[in-house]
Amino acid sequence: MSARILMVLTSHDRLGDTGEPTGFWLEELAAPYYACLDAGAEVVLASPKGGQPPLDPKSDAEESQTEATRRFQRDEQAKQQLANTHRLAEVNADDFDAIFYPGGHGPLWDLVDDADSIRLIEAFWTQQKPVAAVCHAPIVLIHARDADGRPIIQGRQVTGFTNGEEAAVGLTEVVPQLVEDALIAGGGRYSKADDFVPYTRRDGQLITGQNPPSSEPVAKLLLEALGK
């Protein structure tokens, strides 16, 4: 049986009160999507609201394109799947072998506090299945707790989008909280590489990546955790 991996995307489409659009970051979906697919895994997409998640238009700009994003844009089946994501409330951890969160700024507003997302993370954690997130998405882990009521990131190695990277994209004063600060405040053993350099951490079943270039390496660690 091939592994079934649940990828959870944001449904949030606005950068605070700036009026600017946001959403998920295309590379952070496309690179892991194909890494998993090419390894023989099945990928299922979900989001809080279901249906088409908002794409951050900056991630669709020419300077943000990669081989994986171009492949995704040519892939009618993948785009159809993206247009019809499952609602998180209707998803059960029992049906999957791992969960993966692509980033983008959207998760800072919706997934970080989403009750269904937290329920799923805690269920995957209890079932000792891999839990992975990249870039801004590791912030979705901060409210998830283990069976003893401890935050799952407490005392564990984690990484995520750095304060320096947020400053570099000019959104330090716009985001509701900074990923680096939130992971440290939550008790994570946070570490990082230089800005926009690929960097990952794996601590048992917990797998995190720092930025968009880290998304495929995170997926490969996830597959490794699944024995693929």
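Threonine 200 stands opposite glycine 209 in strand β9, and the two strands involved, β8 and β9, pair in the antiparallel sense over four bridges, where two strands count as paired if DSSP finds at least two bridges between them. Helices (H or I, at least four residues) and strands (E, at least two) are DSSP runs, numbered from the N terminus. This is a predicted model, in which local features need pLDDT of at least 70 and side-chain atom pairs count only at pLDDT 80 or more, while totals for chains, interfaces and linings use all residues. Residues are numbered from 1 along each chain as its sequence is written, and side-chain values use heavy atoms, with hydrogens and water left out.

**The sheet**

- Seven strands form an open sheet with mixed pairing, and their order is β3-β2-β1-β4-β5-β9-β8.
- The edges are held by β3 (86-87) and β8 (200-203), each of which has a single partner strand, so one side of each is left without a neighbour in the sheet.
- β8 and β9 form a hairpin with two residues between them, and glycine 204 in the turn has a positive phi of about 65°.
- Strand β5 (residues 131-134) and strand β9 (residues 206-209) run parallel and are joined by four bridges, with valine 134 having glycine 209 of β9 as its bridge partner.
- Strand β1 (residues 4-8) runs parallel to β4, to which three bridges join it, and the bridge partner of isoleucine 5 in β4 is alanine 98.
- β4 also pairs with β5 in the parallel sense, over three bridges, and here the bridge partner of tyrosine 101 is alanine 133 in β5.

**The side chains of β4**

- In a regular strand the side chains alternate between the two faces of the sheet.
- From strand β4 (residues 98-101), Ala98 and Phe100 point one way and Ile99 and Tyr101 the other way, and all are buried.
- A residue is called buried under 20% relative accessible area, exposed over 50%, and partly exposed in between, with a 1.4 Å probe and protein chains only.

**Leucine 222**

- Leucine 222 is found in helix α7 (residues 215-225), and its relative accessible area of 0% means that it is buried.
- If its neighbours within four places in sequence are left aside, leucine 222 is in contact (heavy atoms within 4.5 Å) with Ile5, Ala98, Phe100, Pro130, Ala132 and Ile207.
- The C-alpha atoms of leucine 222 and alanine 41 are separated by 11 Å, although these residues are 181 residues apart along the chain.

**Helix packing**

- Helix α1 (residues 26-38) packs with helix α2 (residues 67-74) at an angle of about 80°, and their axes are 8 Å apart.
- Axes are lines fitted to C-alpha atoms, for helices over the stretch in contact, and the angles run from 0 to 180 degrees between N-to-C directions.
- α1 and α2 are therefore roughly perpendicular to each other, a term for angles of 65 to 115 degrees, whereas those under 35 count as roughly parallel, those over 145 as roughly antiparallel and the rest as oblique.
- The residues of the contact of α1 with α2 divide into eight nonpolar, two polar and three charged, where Ala, Val, Leu, Ile, Met, Phe, Trp, Tyr, Cys and Pro count as nonpolar, Asp, Glu, Lys and Arg as charged, and the others, Gly among them, as polar.
- α2 also packs with helix α3 (residues 76-83), at an angle of about 85° and with the axes 5 Å apart, which makes α2 roughly perpendicular to α3.
- In this second contact, Phe72, Gln73 and Arg74 of α2 meet Glu76, Ala78, Lys79 and Leu82 of α3.

- Most residues other than glycine have a negative phi.
- Cysteine 135, in the loop between β5 and β6 (157-158), has a positive phi near 65°.
- Phenylalanine 196, in the loop between β7 (189-190) and β8, has a positive phi of about 65° although it is not a glycine, and at 37% relative accessibility it counts as partly exposed.
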